[in-house]
Amino acid sequence: SGINAEWPLRPGEKNQCIETLVKKGHTMNVVFIQKGTFGNHNLTIGLKVSPSIRTALWNTQRGAVYLGNNSYPFADRFHVKQCYHCQLLHHVSDECTQRESDPVCLYCMGKHRSKKCTVKQDTSRHRCAKCNASNISAFSANYRTHNSASTECPLFRRELQRVEDMTEFSSKNLM
């Protein structure tokens, strides 16, 4: 019951529209395979697909990918860069200009590594470094309502929307 990382979808009528598009030269690459829980499933497969295959997944296959006899939900996923040294956006730790300074905890904004945080379970003490650093008062006023890794962070959500808005969903390659 292993999965071929190069082509996780078994040929057949359930994935026929995708198979046809791949044969025509549209792209579908496995980015990652992760065991764990996603909804009712215990496997997550990250796929990078051409706009035509994305459209086929949404429209023809009703938001599902079929592996064997099982149906798996399909969802868009957009990546937002966040540094886990300073907790700010648009770069990663290896590129952080504050590398020489103490790290900022993603839970409480303390000057220690996040894995050593003593209040990570106490959500009332969570603080968001991104919102705290913002010069927009609507964001900075709410820095005590979540931690720096929260998907509920308004700055994270704004950046995620910006990345999604910049994504080209129309196909410019093969038709």
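R54 counts as buried, at 18% relative accessibility, where buried means under 20% relative accessible area, exposed over 50% and partly exposed in between, with a 1.4 Å probe and protein chains only. Its salt-bridge partner is D76, with the closest N and O atoms 2.7 Å apart. This pair links distant parts of the chain: R54 lies in helix α2 and D76 in the loop between β4 (70–73) and α3 (129–133), 22 residues apart. D76 itself is partly exposed, at 31% relative accessibility.

A word on the model: it is predicted, so local features need pLDDT of at least 70 and side-chain atom pairs count only at pLDDT 80 or more, while totals for chains, interfaces and linings use all residues. Residues are numbered from 1 along each chain as its sequence is written, and side-chain values use heavy atoms, leaving out hydrogens and water.

A salt bridge here is a side-chain nitrogen of Lys or Arg within 4 Å of a carboxyl oxygen of Asp or Glu, and by this rule the count comes to 4. Among them are these:

| Pair | N to O distance |
|---|---|
| R54 and D76 | 2.7 Å |
| R157 and E152 | 3.2 Å |
| K23 and E19 | 3.5 Å |

K23 and E19 both sit in helix α1, 4 residues apart, about one turn of the helix. K23 is exposed at 66%, whereas E19 is buried at 14%. In the R157 pair, R157 is partly exposed at 44% and E152 is exposed at 53%.

Next, the helix pair. Helices are DSSP runs of H or I, at least four residues, and strands are runs of E, at least two, numbered from the N terminus. The axes of α1 (residues 16–23) and α2 (residues 51–59) come within 9 Å and cross at roughly 170°; the two are therefore roughly antiparallel, a label for angles over 145 degrees. C17, I18, L21 and V22 in α1 meet S52, I53, A56 and L57 in α2, contact meaning heavy atoms within 4.5 Å. By class, this contact has 7 nonpolar, 1 polar and no charged residues.

Finally, the cores, which are sets of buried Ala, Val, Leu, Ile, Met, Phe, Trp, Tyr and Cys residues joined through side-chain atoms within 4.5 Å. The largest has 11 residues, including F78, L89, F139, C153 and V163. Helix α5 (residues 154–166) gives the most to this core, with 3 residues. A second, separate core of 8 residues includes L21, A56, L57 and V65.

Note on methods. Axes are lines fitted to C-alpha atoms, for helices over the stretch in contact, and angles run from 0 to 180 degrees between N-to-C directions. Angles under 35 degrees count as roughly parallel, over 145 as roughly antiparallel, 65 to 115 as roughly perpendicular and the rest as oblique. Ala, Val, Leu, Ile, Met, Phe, Trp, Tyr, Cys and Pro count as nonpolar, Asp, Glu, Lys and Arg as charged, and the others, Gly among them, as polar.
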